[in-house]
Structures are given as structure tokens and as C-alpha cells.
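Colleague: I would like to learn how to read packing and charge pairs in a model such as this one. Could we take the features one at a time, with the general idea before the particular case?

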Amino acid sequence: MSSDVTTEAGDLIVAREGAAGVIRLNRPKALNALTLEMTREIATALDAFEKDPKVVLIILEGAGERGLCAGGDIRGLYESAKVKGDLGKIFWREEYIVNARIAKFPKPYVAYMDGFVMGGGVGLAGHASHRIVTEKTRMAMPEVGLGFFPDVGGTWLLSRAPGELGTYFGLTGLTANGADALAAHMADVLIDTVNWPALREALTKLSAGADAASVMTTLKKFAAPEQTGPVTEQRTLIDRAFAHDSVEEIVAALERDGSELALATLKAMSDKSPRGLKVTLKLLRLARASKSLEECLSREYLAALEVFDSADFVEGVRAAIIDKDRNPKWQPPDLKGVTPEIVARYLAPRDVALTF
């Protein structure tokens with residue numbers, strides 16, 4: 001990987017451009033959805049860039065105009081789950097290990113989160129040391145709509161958002177714009193997209209002695225004026241309604257409020273997997289008391305394996321992505337049917353472990 005020369009253009013492009021080791025997700029027609037092979041190539045690229053003394057920092061970006069990454073390759077996981085395959089076990093293990101690696105990477109890791117950043121994309125960018133959002137950012141963890149939960153360390157990130165912003169985004173699956181992502185501590189700097197080419201060039205020209213602080217100084221030179229996102233403006237209601245430790249209590253609080261926002265939030269939650277909602281809230285509350293990202297990823301891995309075995313995951317993907325009828329038949333069909341025993345299965349020990 002010599003300066004300014006890219007690898008052969010596949011689903012992932014790896015290059016060194018001046019001081020920067022560049023990782024570009026290259027599936028624009030699939031909104032740069034992440035595959036197992038791409039995850040492995042990212043791990044290899046990080047190995048090379050860590051050892052290369054000419055690489056001062058990493059730049060993560062997505063090809064095309066629509067976004068960084070729409071998430072994992074859900075279709076592949078769906079096909080495997082239908083036949084009781086093992087893709088989920090393999091993919092999530094390797095993906096979560098890469099997520100943890102990114103968080104501890106010894107060189108500055110700059111993630112450009114323009115456009116859509118969802119699911120697995122949050123895993124690649126949300127743990128970066130330097131996270132850039134734009135006026136076009138649409139960041140979300142909509143997994144509850146697939147009978148899943150916010151994984152890839154999402155429970156760690158969301159549980160550390162101020163107030164109940166993380167609980168709100170986790171249970172509704174709704175989108176955060178750049179300003180809201182910044183307010184939720186899911187990003188560090190907001191820039192206008194018109195300034196990205198100049199900022200990117202400045203990053204590639206940093207000197208060999210550049211550290212995390214100097215990278216942040218460079219980013220802030222291009223920062224947009226401070227602004228408040230539409231979700232953050234509603235913090236009072238969100239913090240009050242989502243402070244409860246059961247989904248039923250959250251729903252009741254929203255119903256009591258009856259405001260336009262409360263009703264819109266109830267609508268957003270109404271078509272989500274009941275077990276997905278309860279498992280998500282449980283994992284978020286456990287993450288709030290956790291001491292490390294790795295602890296959360298290990299817990300998420302156990303829960304993900306249970307998801308992979310559940311009918312809700314296959315049904316959720318079918319309704320949202322395969323048939324697109326938006327009419328999932330959840331099992332159980334309502335919150336009342338999701339017993340503590342069902343939720344406990346997602347936390348039960350298994351003869352598997354992640355090694356970070």
C-alpha cells in the first residue's frame with residue numbers, strides 16, 4: 001500500500017494517502033452494507049496501518065453520495081438463519097472484535113459519517129476516536145424493527161448518551177441528524193459537507209508527530225456553527241417518559257403525555273418487535289452499569305445468537321427487506337406475551353466467548 005495508490009477496487013478499498021491510511025467501504029449500490037469478507041479486510045488493513053510508521057491516522061469513509069454504511073449484510077444473515085446456518089455466529093464474532101479494536105486503535109481513527117450511518121456502520125464509526133457528522137447525516141440503530149437490538153457496541157454508546165436520548169433512539173429506531181448525534185455523544189464534530197474535501201486534504205498532510213489532540217484541532221477548524229437537533233429540543237419529554245425500566249411503563253408515560261411528539265413516538269414503537277423492545281431496554285440498562293465496551297459486546301454476542309435462533313429475526317427481515325410488506329407477525333405479538341423468562345434467554349450463558 002504505497003502512497004496515493006489504492007488496492008484493486010472491490011467491496012473495500014484500502015490505500016495510503018499521504019499521512020492517512022484510508023479505508024473506503026465500496027458497495028454504493030448496497031449503501032455500503034458490511035459483509036463478513038469486508039470485516040476481515042478491515043481487520044487486515046488495521047494490522048497493516050498500525051505497523052506502518054508513515055500512517056499517522058486512519059480515515060474511514062463510504063463510496064457514493066448516500067452514506068457511510070447502511071449496516072450489516074442483512075440478506076445474507078437472513079438466508080443463513082432460515083436454514084439454521086452459522087453465518088451469524090461467525091460474522092458477529094468477527095465484527096464485534098473489530099469494533100473493540102477500533103475503540104482501542106493506537107492511532108487517531110477519523111470516521112466520516114456523512115449520509116446514512118446505521119447498524120454495522122455505527123459499529124465501524126461510533127467507536128472511532130474522531131467522529132465527524134454533517135448536515136446530511138442520518139444516524140440510526142433500527143434493529144428493534146427486525147426483532148433485534150442495537151448491537152456492535154450500540155448498547156454501550158446509547159447508554160452513555162445524556163439523559164434518556166439513547167433509550168429513545170434505541171427503542172424507536174428513529175434517526176438522529178448530525179446535531180442530535182453530537183448531542184447524544186455519538187459524534188464529536190459537525191461540519192458542512194462542502195468543507196470535507198479541504199478537511200480531508202488537511203488530514204492527509206498532517207506531520208508525523210500528529211496525535212489525537214492535533215487531529216481534533218484540525219477538525220474543529222472546519223466545524224459548523226453550534227446548532228440544536230429536533231430530537232434534542234424534546235429532551236424534557238424524552239427524559240421523563242424513557243426513564244422507566246419497563247417498556248410498558250414507557251408506553252404508559254407516553255400515553256399519559258398525549259402530546260404530538262408522544263403520539264409520534266408511540267407510533268414509531270408500535271410496529272416494532274415486542275421482544276426486541278424488551279431485550280433492548282434490558283441490555284441498555286445493563287450497559288449503563290457496565291465498565292467497558294468489551295463487556296457490552298460480550299453480552300450482545302450472547303443475545304445476538306439467541307436472536308439468530310428466533311422466529312422474530314427472520315420474520316422482521318422478511319417484512320422489512322425481502323417482501324417489504326411492512327406487516328411482520330411477531331412472536332409473541334404483544335408486550336404482555338414477552339415474559340421475563342423469554343428475555344432471560346438472551347442473557348443466558350453459552351459455550352462461546354469473544355476474545356479481544
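Colleague: Which residues does Trp-92 touch, not counting residues up to four places away in sequence?

Modeller: First a caution: this is a predicted model, in which local features need pLDDT of at least 70 and side-chain atom pairs count only at pLDDT 80 or more, whereas totals for chains, interfaces and linings use all residues. Residues are numbered from 1 along each chain as its sequence is written, and side-chain values use heavy atoms, with hydrogens and water left out. With contact taken as heavy atoms within 4.5 Å, Trp-92 touches Leu-77, Leu-87, Phe-148, Asp-151, Tyr-301, Ala-304 and Phe-308, residues up to four places away in sequence being left aside.

Colleague: Which residues touch the most other members of the largest nonpolar core?

Modeller: In soluble globular proteins, nonpolar side chains tend to be buried together. A nonpolar core here is a set of buried Ala, Val, Leu, Ile, Met, Phe, Trp, Tyr and Cys residues joined through side-chain atoms within 4.5 Å, where buried means under 20% relative accessible area, exposed over 50% and partly exposed in between (1.4 Å probe, protein chains only). The largest core has 94 residues, of which Ile-23, Ile-42, Trp-92, Met-113, Phe-242 and Met-269 touch the most other members. Helix H14 (residues 293-309) gives the most to this core, with nine residues; helices (H or I, at least four residues) and strands (E, at least two) are DSSP runs, numbered from the N terminus.

Colleague: Which residues of helix H8 are buried?

Modeller: An α-helix has 3.6 residues a turn, so residues three or four places apart point the same way. In H8 (residues 196-204), the buried residues are Trp-196, Leu-199, Arg-200, Leu-203 and Thr-204. Seen down the axis of H8, they fall within an arc of 140° and so line one face of the helix, the arc being that of the directions from the helix axis to the C-beta atoms.

Colleague: What does Arg-200 meet in a salt bridge?

Modeller: A salt bridge is a side-chain nitrogen of Lys or Arg within 4 Å of a carboxyl oxygen of Asp or Glu. The partner of Arg-200 is Glu-61, at 2.9 Å from N to O. This pair links distant parts of the chain, strand S4 (residues 57-62) and helix H8, 139 residues apart, and both residues are buried. Glu-17, Arg-24, Glu-61 and Arg-200 are linked in a network of salt bridges.
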